[in-house]
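Please read these notes alongside the model. They go through the core and then the charged pairs.

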Amino acid sequence: MAALEEILYTPFPVLDHGFVRVVDYMGDDGAIVQAARVSYGRGTRRVSLDRGLIRYLMRQRHTTPFEMCEVKLHVKLPIFVARQWIRHRTANVNEYSARYSILDREFYVPEAGQVAAQSTSNRQGRGDPLESSEAARVLALLREDAERAYGRYEEFLNERPDGEALDPERSGLARELARMSISLNFYTQWYWKIDLHNLLHFLSLRADAHAQYEIRVYAETILDEVVSRWVPAAYEAFCDYRLGGAHLSRGALEVVRELVAGRGEEAEALRAASGLAPREWRELVETLGLAGEGPRRAE
């Protein structure tokens with residue numbers, strides 16, 4: 001965990017005003033293997049064996065050992081991203097409250113390359129980027145609308161973030177009502193605490209290429225800057241089996257079985273080229289229902 005200690009409280013910038021930083025954590029790769037071995041009382045093993053066990057747990061979708069690790073993040077993000085994020089209901093969340101505090105004049109405006117038309121094949125996604133002149137017009141309107149919204153917010157409050165009144169002669173609107181004028185591209189902040197199993201599920205969805213860009217960059221930052229340092233063996237297994245892997249339907253599996261069948265004499269060459277460990281190769285052979293197997297030495 002030394003690598004994670006080095007970045008504790010360090011904000012990693014995301015988008016134009018956002019960030020992610022680790023404020024607390026519990027457990028590491030060792031906690032995962034400890035939990036997996038508790039039923040038969042084994043102690044610490046060699047790192048190579050711990051790595052093999054973690055990869056097996058990830059491959060076989062054993063979830064409980066990964067729940068032994070937790071992390072608490074401080075995240076600053078646009079409100080519309082937060083509304084997507086909160087759909088993952090497996091975390092503990094405490095958000096900055098505009099009932100008690102005044103929001104900063106910070107709002108998200110995308111880069112020109114991210115300003116795109118509606119996809120014609122996916123109702124949830126973007127299509128081709130807009131022409132540069134049209135993108136510039138959209139960005140100008142977004143800034144104008146956000147500035148106007150914040151100006152109205154200040155007018156309602158009759159108060160600036162530093163506590164100074166705009167007009168000492170009148171009372172401001174209650175903060176819980178004044179916030180209604182703020183648009184979804186303004187920034188909010190929260191503390192988000194989650195266990196590793198549910199964090200990896202979140203990342204499998206939000207670090208995917210099909211996820212909306214604005215939440216995907218947060219997921220990628222968490223994965224690359226936090227998870228890779230915190231639990232490097234679990235990170236490697238996750239990238240191999242979840243992000244870089246695929247789940248096949250029964251029909252798709254039958255297609256693969258037909259393609260591979262009849263190449264039993266090439267089993268060793270195929271195994272060597274695949275880079276799969278002997279145990280993982282045997283699991284693949286069993287899944288495909290093939291007779292040929294690779295070497296049987298232990299991982």
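Which residues of the largest nonpolar core touch the most other members?

1. They are Trp-85, Leu-196, Leu-199, Leu-203, Tyr-218 and Ile-222, in a core of 52 residues. Helix α8 (residues 213–230) gives the largest share of this core, nine residues. A nonpolar core here is a set of buried Ala, Val, Leu, Ile, Met, Phe, Trp, Tyr and Cys residues joined through side-chain atoms within 4.5 Å. Buried means under 20% relative accessible area, exposed over 50%, and partly exposed in between (1.4 Å probe, protein chains only).

2. This is a predicted model: local features need pLDDT of at least 70, side-chain atom pairs count only at pLDDT 80 or more, and totals for chains, interfaces and linings use all residues. Residues are numbered from 1 along each chain as its sequence is written, and side-chain values use heavy atoms, with hydrogens and water left out.

3. Buried residues make up 37% of the 299 residues in the protein.

4. The structure holds 19 salt bridges (a side-chain nitrogen of Lys or Arg within 4 Å of a carboxyl oxygen of Asp or Glu). One of them joins Arg-105 to Glu-147, with the closest N and O atoms 2.7 Å apart. Arg-105 is in the loop between β4 and β5 (116–118) and Glu-147 in helix α5 (residues 132–157), 42 residues apart. Arg-105 is partly exposed at 39% relative accessibility, and Glu-147 is partly exposed at 37%.

5. Helices (H or I, at least four residues) and strands (E, at least two) are DSSP runs, numbered from the N terminus.
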